[in-house]
Amino acid sequence: MNFKIIGTGSARPACVKTNNDLAEFLDTSDEWIRTRTGIEERHVCQDETLTDLATAAAKAALENSGTDPQELDFVICSTIRGDYITPSLACVVARNLGIHCMAFDINAACSGFIYALDCATGYFERGRAKKGLIVSAEAMSKMVDWHDRATCVLFGDAAGAVVLEQGDSLLASTLSSDGNTEVLSIPHVNGNSPFSDSKEEPHYLYMNGQEVYKFAVNAMSTGLTTVMEEAGLAPEQIDHVFPHQANIRIIQTAMRKLKIPHDRYRINISHYGNTSSACIPVLLDEMNQAGKLQRGQIIAMTAFGGGLTTGAMVIRW
Ligand code: UT7
């Protein structure tokens, strides 16, 4: 016994900024961003908080699954940074839903949704939960340096959510980490202790794009190969692949390494950019709302990100 996804939801900020909008204040161009990444526009928070987005996605998933919040046995949020260090984003979402079940956050950066699904499996296997909620919510626009054209153009803000119940959808899963603060990191704020000798400037997301690129291509193809083997599935048996949406070129390079038919890959990076752990559940919700997922179909997911973490999973929809 593990889980089954019975509903999906998503939310994004109202404000959409195109590549040309960014070129008004950055030394960049629509042509560079589109050809190097596949991104055309991204949603960015103005007055929305991350909690607003997470709560809206959660409510949409609850409605889509016909679940009363009181039925939930857990709320797990994946996020790099909630609105508060404490309370967790999950606690605040649970408060907004008017419930008091266990609630906690997972930070596995862009792999967070797959980490959260894997973690939730344990509660169903132990019979500890009958229904649960996962929300992946990220406000990357609040963490990038908007003077750094090499990073800020890549990211966007969004939230995606799923409601789970006991089931047998999970076929295989693999997670990994490779602790590394050199190629991708966002240091914490340091407060203003009068006793600290540290005189650091404000911190922003730092990334060595080319190093992450190499890691990403390998992580995507290795992750998918591992879970397909573990589940005893041939590449042509995969109906949908939901890859982490970091760069269209990363996805295309991984596609060429694998034998999964190319028309099975689902991609929405052009409208969102990289929304970290929200990428996969937002895409899942878009496909679900469009009626493009049939019960019994095989879905493969693969992600990589800060940590450096990786996650891959195959489920039966
Ligand atoms: O989920 C988190 C994981 N993150 C990722 O997956 C990111 C992985 N990395 C990438 O996607 C790519 O490495 C990037 C999109 C970040 C960069 O693409 P690239 O093809 O590796 O470009 P580059 O870093 O080699 O830079 C090429 C040139 C440089 O100029 P010079 O030195 O050749 O004159 C950059 O300064 O492009 C320049 N450049 C830009 N030009 C216009 C970098 N950013 C921009 C920009 N607009 N926004």
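**Exercise 1. How many bridges join strand 11 to strand 12, and do the strands run parallel or antiparallel?**

Conventions first. The model is predicted, so local features need pLDDT of at least 70 and side-chain atom pairs count only at pLDDT 80 or more, while totals for chains, interfaces and linings use all residues. Residues are numbered from 1 along each chain as its sequence is written, and side-chain values use heavy atoms, without hydrogens and water.

Solution. 
- Step 1. Helices (H or I, at least four residues) and strands (E, at least two) are DSSP runs numbered from the N terminus; two strands pair if DSSP finds at least two bridges between them.
- Step 2. Strand 11 and strand 12 are joined by 4 bridges and run parallel.
- Step 3. Histidine 240 has isoleucine 299 in strand 12 as its bridge partner.

**Exercise 2. Locate the buried side of helix 8 and state what it packs against.**

Solution. 
- Step 1. In helix 8 (residues 248–257), the buried residues are Ile248, Ile250, Ile251, Ala254 and Met255.
- Step 2. These residues lie on the same side of helix 8 because they cover an arc of only 160° around the axis, taken from the directions from the helix axis to the C-beta atoms.
- Step 3. The face turned away from the buried side carries the exposed residues Arg256 and Lys257.
- Step 4. With contact meaning heavy atoms within 4.5 Å, the buried residues pack against helix 2 (30–37), helix 7 (209–231), strand 11 (240–243), helix 9 (269–272) and strand 12 (298–305).

**Exercise 3. Give the strand order of the open sheet of 5 strands and identify its edges.**

Solution. 
- Step 1. The order is 1-7-6-4-5, with mixed pairing.
- Step 2. Strand 1 (2–11) and strand 5 (102–106) each have a single partner strand, so one side of each is left without a neighbour in the sheet.
- Step 3. Strand 4 (residues 74–78) runs parallel to strand 5, joined by 5 bridges.
- Step 4. Serine 78 stands opposite isoleucine 106 in strand 5.

Technical notes:
Buried < 20%, exposed > 50% of the residue type's maximum accessible area, 1.4 Å probe, protein only.
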